[in-house]
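This report goes through a structure in a few steps. Please look at the sequence and the model first.

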Amino acid sequence: GIALFVLAMYGINRSAANEIGFGFALHAIIALVALSAILWSLLTNGLGGLNLDIFLKDEPAAGSHGGLRNAITGSIVICLLAMAIALVIGILAGTWLAEFGGNSPFAHAVRFINDVLLSAPSILIGLFVWGLMVAPHLPGYSAWAAAVALAFLAAPVVTRTTEDILRLQPHTLREAGVALGTPQWVTIRKIVWKAAGAGLLTGGLLAFARISG
């Protein structure tokens, strides 16, 4: 419908617009059929391979029977380590930007770097951390390096969400804490963070969703 409206705006007659619209619809149907075929193949071939051994046994040698327990456990551990790093850095950085940084040049620089990391491809982050933490100690693997790489991906999400959520909190909360003689950092920790708890949790879940893939 939108395509036909745009075509009509440029003076294309109704019959030509109908033919072009039919072509768009046909391509959409073909794409949906192909997607349905892929999903059907995935379900029919994948469901038959699901069993308890996948979750209870470790990866076997080639040609042997086994499961994916060690891979699943390792993924969970790495993601949890990454989130522990990202939450600490992201919440503190977002709090500083919202409560202390303001419009200072350094705060603008931090926001710019955070935006760059938000859009950075994961392969580049992984290559950077590999060169920093893994390559000097080859041969070998490092779960800590994997967690740091994922933390680089998660921390910018937590930082941005934290700053936005804290800025939405009413200033009366801060004024009430200061009026009682509470230091600013205590007001933020015990009042502002509690009021923004749901938003901070949402930011953490969004970051976890980004890295868990």
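Is Arg 69 buried, partly exposed or exposed? Arg 69 is partly exposed, at 38% relative accessibility (buried means under 20% relative accessible area, exposed over 50%, partly exposed in between, with a 1.4 Å probe and protein chains only).

The model is predicted: local features need pLDDT of at least 70, side-chain atom pairs count only at pLDDT 80 or more, and totals for chains, interfaces and linings use all residues. Residues are numbered from 1 along each chain as its sequence is written, and side-chain values use heavy atoms, with hydrogens and water left out.

The protein chain has a mean pLDDT (the predictor's confidence in each residue, from 0 to 100) of 85, and 92% of its residues reach 70 or more.

There are five salt bridges (a side-chain nitrogen of Lys or Arg within 4 Å of a carboxyl oxygen of Asp or Glu). The table gives some of them.

| Pair | N to O distance |
|---|---|
| Asp 58 and Arg 69 | 3.0 Å |
| Arg 111 and Glu 163 | 2.8 Å |
| Asp 115 and Arg 160 | 2.1 Å |

Asp 115 lies in helix H5 and Arg 160 in helix H7, so this pair ties together parts 45 residues apart in sequence (helices are DSSP runs of H or I with at least four residues, numbered from the N terminus). Asp 115 is partly exposed, at 32%, and Arg 160 is partly exposed, at 31%. Arg 111 and Glu 163 are buried. Together with Arg 167, Arg 111 and Glu 163 form a network of salt bridges.

Note on methods: Helix = DSSP H or I, 4+ residues; strand = E, 2+ residues; numbered from the N terminus.
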